[in-house]
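Subject: Structure for you to look at

Hello,

The sequence and structure follow, and my notes come after them. Please read the two side by side.

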Amino acid sequence: MKLTVEETEQVYEEPITTQAPMQLNGADVFIETLKKHQVEVIFGYPGGAVLPIYDALYKNPIKHILARHEQGAIHAAEGYARVSGKVGVVIATSGPGATNLVTGIADAMMDSIPLVVFTGQVATTVIGTDAFQEADIIGITQPITKHNYQVKDVADFPRIINEAFHIASTGRPGPVVVDIPKNMATGLFVTPSEDEQEVNLPGYQPTTTPNFLQIQKAAQAISNAKQPLILAGAGVLFARASDELATFAEKYQIPITNTLLGLGGIEGNHPLFLGMAGMHGTYTANMAIQTCDLLINVGARFDDRLTGNLNLFAPNAKVVHIDIDPAEIGKNVPTEIPIVADAKEALEALIALDTPNGNTAAWLESLNISMEQYPFHYQASVERGLLPQQVLELVHQYTNGDAVVTTDVGQHQMWTAQYYKFNHPHNWVTSGGLGTMGFGFPAAIGAQLAKPNAKVVAIVGDAGFQMTLQELSLLQELRIPVKVIILNNQALGMVRQWQETFHGERFSQSLIPVQPDFVKLAEAYDIKGYKIETFEDAKVQLKEALESDEPVLIDCRVVQKESVYPMVVPGTGLHEMIGVKPE
Amino acid sequence: MKRIITVTVINQSGVLNRVTGLLMKRQFNIESITVGHTENPQISKMTFVVNVEDERKLEQLLKQLQKQIDVLKVNDITEKQIVVRELALVKVVSPPAVRSEINSIIEPFRASIIDTGKNVVTFQVTGSPEKIDAFIDLIKPYGIKELTRTGVTAFVRETQKVNTPQLSILK
Ligand SMILES: Cc1ncc(C[n+]2csc(CCOP(=O)(O)OP(=O)(O)O)c2C)c(N)n1
Ligand SMILES: [Mg+2]
């Protein structure tokens with residue numbers, strides 16, 4: 001039954017005491033439906049338009065993390081989603097609350113993170129009148145969501161929420177926005193039939209099972225290849241297929257490289273692993289792409305930071321591309337063998353075949369030699385001071401490669417990707433596609449909530465940290481034991497590096513000589529702060545800080561004039577990397 | 001190359017926005033678009049005329065459209081046997097002196113007069129876009145005061161002469 005606004009308002013003017021048994025409103029059903037989806041934590045921030053929802057939450061609680069900015073809430077939800085494999089849930093009020101989420105929604109869209117984002121909205125009776133705190137969030141988020149909804153009938157709450165969770169978490173995951181006009185939350189709920197509550201999406205049927213003929217073609221190509229290579233992206237992680245990835249690579253003796261977001265999909269020390277590929281990847285991984293005769297892309301999207309100049313990319317390779325999103329196949333790189341499927345199912349199908357291996361021994365041998373010849377390198381000396389790479393090696397050492405590591409965006413992010421070798425999948429949280437500064441710290445909070453017993457380390461830059469540092473309040477209040485490590489080069493380091501290399505050392509607006517005292521800042525939030533200036537100090541203090549069970553903040557004063565190498569200069573091919581060897 | 005693409009969608013508010021927004025985001029140029037519901041009022045059909053660079057871009061376009069949650073079916077019907085129709089309204093300067101001359105010109109186009117004023121006549125003409133182009137060309141010398149075209153809508157014919165190859169996504 002459809003309730004008109006007048007009817008619902010009328011009902012609400014009656015004193016509640018006259019109603020027995022108590023009638024549910026939209027907000028009550030909203031909370032109930034979240035509980036049905038086993039939502040264990042909500043990241044949110046209240047305001048006028050969502051007051052009825054927060055009232056329902058008060059009566060029927062779900063753990064709620066009150067971030068100090070909506071952007072903090074949504075990045076925390078992203079970190080939570082990545083580490084837990086569950087859907088991240090966010091609530092914000094209409095207007096400014098909703099628009100503060102936009103960066104996080106776009107970030108989740110680019111990196112395929114499953115989120116369901118609920119925004120308040122002004123009542124349907126005034127939508128379109130520029131009412132107080134009205135923003136057209138459906139219009140605003142249309143290009144940055146997998147799908148979005150506005151609730152227009154109270155009875156639709158269960159179905160819309162069911163569909164939102166279904167869409168966010170299946171196929172290629174992504175963010176779904178559900179906009180809730182205030183009068184829908186307060187409106188009287190009349191239970192619809194079971195049918196009307198169920199997911200009904202005839203236009204959305206993701207393919208998860210691979211086409212067997214395509215699998216056979218891929219297997220044949222593997223048999224024929226002398227120099228095959230696997231490029232594994234985040235699709236492997238979303239499909240929970242890292243075991244299958246290792247089995248597949250071992251069975252056919254194929255080396256593996258990762259995209260930035262795919263890190264952790266294979267153990268960092270696995271003998272077949274060549275390290276990350278792309279702009280700041282290993283020379284060996286990039287040369288492997290350029291010289292392979294078969295490139296098997298599992299769940300990566302051939303992003304430009306990975307491919308370098310597309311015209312020069314993998315010139316000798318036949319391309320197999322396994323992706324759950326058909327639109328990614330052939331988008332950037334012509335593909336001979338497309339396989340639309342869930343990565344796990346596709347890898348299982350490939351493993352199950354008894355196609356003979358190609359002989360890859362000589363190929364593996366040459367790659368091993370290359371790995372030894374071209375390791376990441378840096379030049380340390382007492383005079384130069386503390387180097388970010390040294391800090392990261394210590395972090396790896398003191399956490400044994402077992403930590404959950406999040407990063408912000410910039411040089412420190414690339415160094416972390418280079419130096420932190422993950423023993424396990426789902427411990428790596430970074431903003432890849434959108435490259436969102438301010439992501440790393442709140443994401444670590446979400447990650448810690450997903451894995452309360454894990455060591456969670458946020459590696460952040462001095463600039464990016466300042467974009468969302470208000471969330472220190474959460475560490476203070478909830479004693480969330482995140483270890484915040486600032487690689488403080490007193491600069492927008494990555495900008496500085498590009499200006500050094502491509503803009504004649506004209507450091508326009510990239511150096512920050514004056515900074516807050518980060519230790520005092522930590523203290524203001526009742527968090528222990530460390531300031532580390534030398535490698536010798538780092539060895540002692542980082543160890544102590546990382547061993548702590550409390551939240552800590554570590555301000556590492558690192559050398560400013562240090563650049564991330566090797567590097568694929570934009571416009572060039574992967575084989576043209578610069579800074580491959582020490583000068 | 002010019003392609004005619006039909007998109008069958010669930011008739012939800014915002015779906016037109018999503019589809020046109022998607023084309024904009026992916027840098028496709030829409031030449032014309034018509035929308036209306038089908039025999040089922042809950043399902044609408046859009047017909048686009050789009051200019052695409054090459055096969056690869058076309059395949060991307062079809063796949064991106066198909067990916068939308070409210071999109072049920074995407075078809076590139078350019079190379080099929082199709083019926084394509086467009087409607088145009090043309091207001092022409094037509095003083096009584098030339099009126100019969102104009103009428104004889106438009107006769108073969110089977111255009112109809114839907115409004116008449118002292119010195120102007122409004123014609124309605126339907127047919128393929130080429131026919132409408134030809135009509136406009138002929139009538140132009142008399143002075144067109146106002147012109148509006150609906151953009152094409154199209155159907156695949158019942159009988160297909162040859163089975164035209166389709167892109168992988170449409171199989
Ligand atoms: C929100 C946002 N604004 C601007 C940028 C462009 N940008 C990329 S890296 C970078 C510098 C980051 O500096 P910092 O956080 O100190 O990290 P560092 O590179 O020094 O390690 C900037 C400004 C961005 N990625 N995100
Ligand atoms: Mg910095």
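A:E198 sits in the loop of chain A between α10 (194-197) and α11 (212-224); helices here are DSSP runs of H or I with at least four residues, strands are runs of E with at least two, and both are numbered from the N terminus. A:E198 counts as partly exposed because its relative accessibility is 46%. On this scale buried is under 20% relative accessible area, exposed is over 50% and partly exposed is in between, with a 1.4 Å probe and protein chains only. Apart from neighbours within four places in sequence, A:E198 is in contact with A:R159 and A:E163, where contact means heavy atoms within 4.5 Å. A:E365 is 167 residues from A:E198 along the chain, and their C-alpha atoms are 55 Å apart.

On conventions: this is a predicted model, in which local features need pLDDT of at least 70 and side-chain atom pairs count only at pLDDT 80 or more, while totals for chains, interfaces and linings use all residues. Residues are numbered from 1 along each chain as its sequence is written, chains are lettered from A and ligands numbered from 1 in the order in which they are written, and side-chain values use heavy atoms, with hydrogens and water left out.

Ligand 1

The shell around ligand 1 has 17 residues, and the closest are A:Q411, A:H412, A:G435, A:G464 and A:G493; a residue belongs to it if one of its heavy atoms lies within 4 Å of the ligand. By class, the shell holds eight nonpolar residues, eight polar and one charged.

Three helices of chain A, α19 (411-419), α21 (462-468) and α23 (493-502), each supply at least two shell residues. α21(A) gives the most, with four residues.

Which backbone atoms lie 2.7 Å, 2.8 Å and 2.9 Å from oxygen atoms of ligand 1? A backbone N or O atom of A:G464 is at 2.7 Å, a polar backbone atom of A:Q411 at 2.8 Å, and a polar backbone atom of A:A491 at 2.9 Å. The cut-off for a polar contact is a pair of N or O atoms within 3.5 Å; within protein, one must be able to donate a hydrogen and the other to accept it, and residues adjacent in sequence count only if both atoms are side-chain atoms. Ligand 1 taken alone exposes 580 Å², of which the protein buries 76%; areas come from the Shrake-Rupley method with a 1.4 Å probe, and for residues only the protein chains shown count as cover.

Magnesium ion

Ligand 2 is a magnesium ion, coordinated at 2.1 to 2.2 Å by A:D462 (OD), A:N489 (OD1) and A:A491 (O). Donors are N, O and S atoms within 2.8 Å of the metal (3.2 Å for Na, K and Ca), and sites may look incomplete, as water is not among the atoms. The donor spacing in sequence is D-x26-N-x1-A. A:D462 in helix α21 and A:A491 in the loop between β16 (483-488) and α23 are 29 residues apart, so the pair links distant parts of chain A. A:D462 and A:A491 are both buried.

Helix α23(A)

Buried residues in α23(A) are A:G493, A:M494, A:R496, A:Q497 and A:Q499. Their cover includes α19 of chain A. An α-helix has 3.6 residues a turn, so residues three or four places apart point the same way. Just after α23(A), A:G504 has a positive phi of about 55°.

Backbone points to check

- The peptide bond from A:Y565 to A:P566 is cis, with omega near -5°; A:P566 is in the segment after β18 (552-557) of chain A.
- A:Q133 is not a glycine, yet has a positive phi of about 60°. A:Q133 is in the loop between β4 (115-121) and α7 (137-141) of chain A and is partly exposed, at 26% relative accessible area.
- B:Q27, also not a glycine, has a positive phi of about 60°. B:Q27 is in the loop between α1 (15-25) and β2 (29-37) of chain B and is exposed, at 72%.

Chain B

Chain B has four helices and nine strands, in the order β-α-β-β-α-β-β-α-β-β-α-β-β. The C-alpha trace spans about 60 × 40 × 30 Å along its principal axes. Of the 171 residues in chain B, 38% are buried.

Regards

Terms used: Ala, Val, Leu, Ile, Met, Phe, Trp, Tyr, Cys and Pro count as nonpolar, Asp, Glu, Lys and Arg as charged, and the others, Gly among them, as polar.
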